[in-house]
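I went from the overall fold to single elements.

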Amino acid sequence: MAIQKKLKQKTRQFIESKNMLGGITIASFLESTIVPIPLEAVLVPLMQARREKLWQIALMATLGCIVGALFGYALGYYLFDIIGDWVINTFSSPEQFENVKQKMQAQGFWFVLSLGIVPIPFQIAMLAAGATKYSLALFLLASAIARSIRYFGLAIVVYYAGNQAERIISKHKTKTMIGLTILVAIGWGVSTLI
């Protein structure tokens, strides 16, 4: 019971802290690079508690992810020969990575966009983009769009649903992910026709 009380106290201190936005940026960076745990579990309650900073929280989470994506891309670009095997074995398998690498070369922008929206580890896409020397500008654009959809989407739900946001997100998360994936697939298909 003492641990739970202490955790609540620390969470409350963080929510009221002047460093809250910086903390979200760092947490977002870590989530996109090292810790493959979805940030939504922290963001939604934080957004509900600090509605006056709702859009800033979404922006800082997005920026942290973009900086993290750039870091992951650089690792893949410059250090893949040294650390690639460790990362692949930690977050995936050699077969999965080879599949990702082939998709990256063939359909990079849409592949990054779809992996950035769905709640799966983004680290493999970052490393594959860097390892295959995929266009940095297109990679960052796809990452920014995907993470903006994800975090500003949460902010919109909190803005309109208020304290019911967690329940609504939990209830409709799978349907939303399927819907967004279908929209990305349609955009992907249309782009190949143009």
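The entries below follow the order in which I looked things up.

**Basis.** I am working with a predicted model, in which local features need pLDDT of at least 70, side-chain atom pairs count only at pLDDT 80 or more, and totals for chains, interfaces and linings use all residues. Residues are numbered from 1 along each chain as its sequence is written, and side-chain values use heavy atoms, with hydrogens and water left out.

**Fold.** I found 8 helices and 0 strands in the protein chain. From the N terminus the elements read α-α-α-α-α-α-α-α. Helices here are DSSP runs of H or I of at least four residues, strands are runs of E of at least two, and both are numbered from the N terminus.

Buried means under 20% relative accessible area, exposed over 50%, and partly exposed in between (1.4 Å probe, protein chains only). Of the contacts in the protein chain with a separation of 6 or more, 81% join residues 24 or more positions apart; a contact means heavy atoms within 4.5 Å.

**Surface.** The protein chain has an accessible surface of about 11000 Å², and carbon and sulfur atoms hold 66% of that. Areas come from the Shrake-Rupley method with a 1.4 Å probe, and for residues only the protein chains shown count as cover.

**Helix α2.** I checked the length of α2 (residues 20-33): at 1.5 Å a residue its 14 residues should span 20 Å, and the end C-alpha atoms are 20 Å apart, which agrees. The expected span is 1.5 Å times one less than the number of residues. Buried residues in α2 include M20, L21, I24 and T25, and E31 is also buried.

I34 lies in the loop between α2 and α3 (40-49). I34 is exposed, at a relative accessible area of 52%.

**Helix α6.** How many residues of helix α6 are buried? I counted 9 of the 9 residues (123-131), so α6 is largely enclosed by the rest of the structure. Among them are Q123, M126 and G130. K133 follows α6 and has a positive phi, near 60 degrees.

**Record.** I looked up the unreviewed UniProt entry, which lists residues 20-37, 57-80, 109-130, 136-162 and 174-191 under "transmembrane region". UniProt positions are in the numbering used here, feature names are shortened, and annotations may be inferred rather than shown by experiment. In the model, residues 57-80 are 100% helix and 0% strand, with end C-alpha atoms 32 Å apart. Residues 136-162 are 96% helix and 0% strand, and the end C-alpha atoms are 37 Å apart.
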